[in-house]
Amino acid sequence: TILWSLQLYKLASPTFLNKYPLVSSAATDRNPKISPCLFSQSTPLSNKIRSFILVTMPKDYTVGKTSVFWDVVDFPVPEGRGIREIVESALRRMGYKGEVSITVYGDKDPFSPEETAKGRFTFVERSKKYWRLNKMLVDIGWWSMETPEPHYNPANVVVVAKNIKEDTEFVYFLSDLHCSNFNVLLVVPDDCEPEELPLPTVNLAWYWKSFVQGGEPMPRTELKALKARGKPRLVL
């Protein structure tokens with residue numbers, strides 16, 4: 001399915017290979033530069049990758065590159081504001097000073113060519129929320145594959161999007177990115193209800209109002225309490 005590519009950073013895991021046996025074929029078909037040996041459980045390379053996953057190294061995320069994925073239907077840009085201005089204001093307040101790339105998703109393109117050029121972002125059009133979210137997760141998956149060794153090189157991803165009740169990999173995928181040493185930052189609605197839509201495990205989270213005003217993320221204790229109110233994650 002389209003979601004196979006969401007877990008590409010876990011390709012060295014035997015459990016993952018058993019669960020998704022066609023992933024290696026899909027990845028090598030899309031990118032011939034990816035060697036099929038990467039997907040073999042028995043190669044020295046896969047052993048090295050598995051050992052990397054077990055290593056947690058101290059790093060300064062504030063100097064790393066940041067990729068932002070924003071659904072403007074879920075979180076419309078306030079009138080008179082710019083996407084890059086909002087993002088960089090929130091990040092700079094937290095001390096992030098690395099390069100920022102932005103991908104924007106919507107049901108139609110509301111931006112003029114001048115706004116797109118000024119904001120230096122890419123717009124992706126998908127009419128349905130389900131397909132916007134899936135496309136976003138696929139894009140994040142490929143971004144994670146193209147990010148060299150996050151265990152050594154700080155890499156940040158900001159997700160400005162709502163989850164949906166339909167079956168998606170949103171919670172599992174973002175949680176697994178967090179566990180794989182990516183710095184995952186999330187924006188949630190001001191009326192967030194984790195009982196209905198559980199939250200993934202992330203490093204930091206903003207309420208929308210605070211994010212758009214360049215404010216502070218919610219305290220970690222509050223984030224932990226919100227996550228605890230959600231449905232428990234099923235571990236297979």
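Trainee: In which helix of the chain is confidence lowest, and in which is it highest?

Mentor: This is a predicted model, and where pLDDT is low, the predicted coordinates should not be read in detail. In the chain, confidence is lowest in helix α2 (residues 23-30), with a mean of 39. Confidence is highest in helix α8 (residues 208-212), at 96. Residues 1-57 have a pLDDT below 50, and this stretch makes 82 contacts in the model beyond near neighbours in sequence. The average pLDDT of the chain is 77, and 72% of the residues score at least 70.

Trainee: How many bridges join the strands around β2?

Mentor: Strand β1 (residues 65-71) is joined to β2 by 6 bridges, and the two run parallel. T66 stands opposite V100 in β2. On the other pairing, 5 bridges join β2 to strand β3 (residues 121-125), again in parallel. There G106 has E125 in β3 as its bridge partner. Strand β2 itself (residues 100-106) is mostly covered, with 6 of its 7 residues buried.

Trainee: What is the handedness of the unit made by β1, helix α4 and β2?

Mentor: The unit of β1, helix α4 (residues 83-93) and β2 is a right-handed β-α-β unit. From β2 the chain crosses through helix α5 (residues 113-119) to β3, and this β-α-β crossover is also right-handed.

Trainee: Is helix α7 mostly covered or mostly uncovered?

Mentor: Helix α7 (residues 170-179) is mostly covered, since 7 of its 10 residues are buried, which here requires under 20% relative accessible area. The buried residues are F170, V171, F173, L174, S175, D176 and L177. They pack against α6 (129-146), β4 (155-160) and β5 (183-188). Just after α7, N181 takes a positive phi of about 75°.

Trainee: Which residues have the most contacts inside the largest nonpolar core?

Mentor: In soluble globular proteins, nonpolar side chains tend to be buried together. The largest nonpolar core in this model has 29 residues, and those with the most contacts inside it are I140, V159, F170, L174 and L186. At least two residues of this core come from each of α6, β4, α7, β5 and α9 (220-228). Another core lies apart from it and has 26 residues, among them F75, I86, F121 and V158.

Trainee: With which residues is V159 in contact, leaving aside its neighbours within four places in sequence?

Mentor: A single residue can show how the elements meet. V159 is in contact with F69, M136, I140, F170, L174, L185, L186 and V187, once its neighbours within four places in sequence are left aside.

Technical notes
Residues are numbered from 1 along each chain as its sequence is written. This is a predicted model: local features need pLDDT of at least 70, side-chain atom pairs count only at pLDDT 80 or more; totals for chains, interfaces and linings use all residues. Side-chain values use heavy atoms; hydrogens and water are left out. Buried means under 20% relative accessible area, exposed over 50%, partly exposed in between (1.4 Å probe, protein chains only). Helices (H or I, at least four residues) and strands (E, at least two) are DSSP runs, numbered from the N terminus. Contact means heavy atoms within 4.5 Å. Two strands pair if DSSP finds at least two bridges between them. A crossover is right-handed if, with the strands pointing away from the viewer, the path from the first strand over the helix to the second runs clockwise. A nonpolar core is a set of buried Ala, Val, Leu, Ile, Met, Phe, Trp, Tyr and Cys residues joined through side-chain atoms within 4.5 Å. pLDDT is the predictor's confidence in each residue, from 0 to 100.
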